[in-house]
Amino acid sequence: MSMPRPLRYILEVLCVACFYLVALTGGCHIQGLAFVLLLFTRAWPIVVIYVGWYMFFERNTPKQGGRPRKDFMIKLPLFKLMKDYYPITLEKTSELDPQKNYILGYHPHGLISEGAVVAIQSDALRFRDKFPGIEPHMTVHSFLLKAFLYRDILMSLGFVDVSKDSLKYALTKLGPGHSVILVVGGAAEIADCHPDVYRLTLKNRKGFIRVALETGSSLVPVLGFGQNNIYSHVWKGPGTLYWHLQHWLNETTAQYWFRFSFYCCYGFLGVLPWHTPINVVVGSPIEVSKQASPTEEEVNRLHARYLEEVKTLFNSFRDKYGVPKTTQLTFV
């Protein structure tokens, strides 16, 4: 028996609101702070045990393959309802060999990279059925994996640290098929999160290329068409004073370990994203030969090829997914 559409719509809205609430409060360590405040209640032993467990047994877990992901977490109805809210789709262009490891480069970052989380990391769109034997691990900044409680949610979904050592561990120690989802543009790209803007922070991002060469992992470009369209900005960019201020703040805070920016944006009911499609397209793999100590020339050559593959993927699907003819893909 199907659910009445009005009820399902309400549930979709509530699930998206829940996702954002958990992501924002967790990422800002608000959940962890609230948990620590339990020290001043009769529940203080729980806090002491959790913190002790984290300090002595769990600190390096996110950099060593994380925890085995929980099936019930990636199959949560929340992700399926989120998938229908936007909606989010997943398109496959090529087979991936389950005996190999892959670095899936997701572009653009968007605000929270909902496309990568829902379409690839969760089971809402059956990624593991479409790519049998491939086990993806979403990567995030270590700052998020230090947040009490929130870190447990992320690792139960299969998330790992985005550091170089963590990437190499996941690609070489966990076995065939284990792959990482890397949002290459990172926090720097959030400043370019404007509707119909495909300005990718990629021109000088070569660390992931070196990791691919050192581990022999194939590279797979992934584009989230519409990822930047889910919010409207009060001031349009790029080129506006607001846009320049965002970039200045982003670059300034980058000197202090974690990039920060701010957004004057609005969406459905003011705070929720618009109902606008995010179409995730997984491109064809770029085969990589393992090099223990790759030269700069080898890194630059593979990086240039990766940029070309991203361009090809973008041009192949831009018309299908409604990218305006005036919009250009640019690398910065």
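## A strand covered on both sides

Let's start with strand S3, which has cover on both of its faces. On one side sit Glu135, His137 and Thr139, on the other Pro136, Met138 and Val140, and all of them are buried. Keep in mind that this is a predicted model.

What does that say about the strand as a whole? S3 runs over residues 135-140, and six of its six residues are buried, so the rest of the structure largely encloses it. Buried here means under 20% relative accessible area.

## Who S3 pairs with

S3 pairs with strand S5 (residues 178-183) in the parallel sense, over four bridges.

To get from S3 to S4, the chain passes through helix H8 (residues 150-156), making a right-handed β-α-β crossover.

## Two spans flagged by UniProt

Now for another part of the chain. An unreviewed UniProt entry gives the feature "transmembrane region" at residues 7-27 and 33-57.

How much helix is there in residues 7-27 of the model? The span is 100% helix and 0% strand, with its end C-alpha atoms 30 Å apart. Residues 33-57 come out at 72% helix and 0% strand, and the end C-alpha atoms of that span lie 21 Å apart.

Note on methods
Residues numbered from 1 in each chain as written. Predicted model: local features only at pLDDT ≥ 70, side-chain atom pairs only at ≥ 80, totals over all residues. Heavy atoms only, no water. Buried < 20%, exposed > 50% of the residue type's maximum accessible area, 1.4 Å probe, protein only. Helix = DSSP H or I, 4+ residues; strand = E, 2+ residues; numbered from the N terminus. Pairing = 2+ DSSP bridges. Right-handed = clockwise from strand over helix to strand, strands pointing away. UniProt positions renumbered as here; feature names shortened; annotations may be inferred.
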